[in-house]
Amino acid sequence: MARRSLRRGFTPDFDPDCGDTDLTTARQDVVIGRWQGLRDLLDATGRDWPARGHRIRLLAQACAASSTVESWLAAEPGSADALVLRAATETARAFNLAIAAGRGVPIDRHRVDTAVTACLAAAQAYPEDPTPWVSLISVARLYPSGVRRQELGRWWDELHRRDPYSVEGHLQVLHYYSARWHGSHGLMYDFARDAAGVAPPGCALPVLVQYARVEEYRFALDAAGGTHSAVGLSQHWNHDGAVSDVRRTWQRWVMSRTASTIQPGELRDFNHLAHAACSAGVRDIAGMLLGMLGTRATRTPWSYTGEPERQISKWRKDLRVVG
């Protein structure tokens, strides 16, 4: 539920589940080791691929530090949903190891191989589901030299065949092609713009350009040793190209949407565009986006440029956003 502050008048609600109350209940089941809630949630989600991807990604993060998904598989070894969640969980575990090891320190290749094997098993168990292919492309980043171009291309073809406009799937490829991983700024932006160019009106893929700008900033921030002032924040976010990108994404995605509400799986995308609009000084679009979001917020990407609550509250006040 959105929180209000008497002193400030507004406090963003950083619900980790993005307002998905059924997901919140299932994640609470993970804490007590109860797997039946996971089964029921994924069964109810069905083939709504965006909602399924959102839920599996967050469930995997919760399951990574527990044995709940293994308990589910022990009870129902043939469950395709359990195998898909196990693949995402192994991927999350591999990334947790990489984070603990530190930037640039490779982790045990066996752990990456284990996640890849789990992804391929899940893909075989649930052939229609794009989610295992998203996990597979994600974990490929953890190989020190990445994977062969032909292999990545094959995995991408499998994902694209099942869900051609998957934002999460495209986002994982974008990360792979980024300078922080196995590509360059140019390769990353080319991929983002190509995807945006073929997206139908109302599709969220144009926001990949804003994700790419965040990735470029993170790379520059790492190079500057975490010093924001050394990166040149204003020059990065508000040049003519960045402003044009914000307006283009707004027009092609948000203004062409038919949905009247923001789904939990879309909340991170909307926050990326809102952050980009604020940072670029596109006040008309920034105000409308913050009004659409209300109190709902995600910590990223705001956390890369400062304290999220302070930034969102400041922009709402400056733009006189009501609601």
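The model is predicted, so to speak of local features a pLDDT of at least 70 is needed, side-chain atom pairs count only at pLDDT 80 or more, and totals for chains, interfaces and linings use all residues. Residues are numbered from 1 along each chain as its sequence is written, and side-chain values use heavy atoms, with hydrogens and water left out.

Helix H5 is a handy place to start. Helices here are DSSP runs of H or I with at least four residues, numbered from the N terminus, while strands are E runs of at least two. H5 covers residues 80-101, 22 residues in total, and spans 32 Å from its first C-alpha to its last, close to the 32 Å expected at 1.5 Å a residue; that expected span is 1.5 Å times one less than the number of residues. Just past the end of H5, Gly102 has a positive phi of about 105 degrees. Within H5 sits Thr91. Thr91 counts as buried because its relative accessible area is 6%, where buried means under 20%, exposed over 50%, and partly exposed in between, with a 1.4 Å probe and protein chains only. Setting aside neighbours within four places in sequence, Thr91 is in contact with Ala115, Cys119, Ser135, Ser138 and Val139, contact being heavy atoms within 4.5 Å.

Asn271 is buried, at 1% relative accessibility, and Leu273 is buried at 0%. Beyond neighbours within four places in sequence, Asn271 touches Leu293, Arg296, Ala297, Thr298, Thr300, Pro301 and Trp302. As for Ala82, Leu273 is 191 residues away from it in sequence and 34 Å away in space, C-alpha to C-alpha.

Next comes a helix pair. H16 (residues 283-293) packs against H17 (residues 308-319) at an angle of about 115 degrees, with axes 10 Å apart. Axes are lines fitted to C-alpha atoms, for helices over the stretch in contact, and angles run from 0 to 180 degrees between N-to-C directions. On the H16 side the contact is made by Arg283, Ala286, Gly287 and Leu290, which meet Trp315, Arg316, Asp318 and Leu319 in H17. By class, that contact has four nonpolar, one polar and three charged residues; Ala, Val, Leu, Ile, Met, Phe, Trp, Tyr, Cys and Pro count as nonpolar, Asp, Glu, Lys and Arg as charged, and the others, Gly among them, as polar.
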